[in-house]
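Work through these exercises with the structure open. Each task is followed by its solution.

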Amino acid sequence: QVRLVESGGGLVQPGGSLRLSCLASGRAFSINAMGWYRQAPGKQRELVATITSGGSTIYTDSVKGRFTISRDNAKNTVYLQMNSLTPEDTAVYFCNAGVVVGAFALNAWGQGTQVTVSS
């Protein structure tokens with residue numbers, strides 16, 4: 001079983017910054033792409049950013065130029081640096097990873113971390 005645990009959420013003023021982290025742990029697994037999704041109240045979960053094991057990234061348009069996704073493969077950790085935050089960024093942020101355990105490919109999710117942007 002592979003577990004994803006997010007950290008780094010919280011309350012920040014508009015224009016501020018936060019850095020989210022997500023650690024993957026478990027036994028005998030490898031990780032392909034990792035990513036961050038978010039879900040605001042009353043809205044569907046949406047992709048924020050993804051990063052492959054080789055470092056290629058994709059961002060949703062609304063966060064381009066403000067958010068940066070990165071990963072440390074040795075630590076099985078993915079990060080999301082969020083700058084110039086706006087109230088529209090308020091959501092629960094979820095970590096996602098494509099995980100291979102033996103002959104099985106799994107889509108793993110973290111429990112989510114709340115990000116609130118408010119003055």
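Rings of Phe, Tyr and Trp (its six-membered ring) pair if their centres lie within 6.5 Å; planes under 30 degrees apart count as stacked, over 60 as edge-to-face and the rest as tilted. The model is predicted: local features need pLDDT of at least 70, side-chain atom pairs count only at pLDDT 80 or more, and totals for chains, interfaces and linings use all residues. Residues are numbered from 1 along each chain as its sequence is written, and side-chain values use heavy atoms, without hydrogens and water.

**Exercise 1.** Find the aromatic pair and classify it.

Step 1. Searching the whole structure gives one aromatic pair.
Step 2. The ring centres of Tyr37 and Trp109 are 5.0 Å apart and the planes stand at 65°, so this pair is edge-to-face.
Step 3. Tyr37 belongs to strand β4 (residues 29-39) and Trp109 to strand β10 (residues 104-109), so the pair ties together parts 72 residues apart in sequence. Strands (E, at least two residues) are DSSP runs, numbered from the N terminus.

**Exercise 2.** Which charged end sits over the ring of Trp109?

Step 1. Apply the rule: NZ of Lys or CZ of Arg within 6 Å of the ring centre and within 35 degrees of the ring normal.
Step 2. The charged end of Arg45 qualifies, 4.7 Å from the centre of the Trp109 ring.

**Exercise 3.** Locate the disulfide and describe its link.

Step 1. Look for cysteine sulfur atoms within 2.5 Å. The count is one disulfide.
Step 2. Cys22 is joined to Cys95, S to S 2.1 Å.
Step 3. The angle about the S-S bond is -85°, and the link of Cys22 and Cys95 is left-handed.

Technical notes: Helix = DSSP H or I, 4+ residues; strand = E, 2+ residues; numbered from the N terminus.
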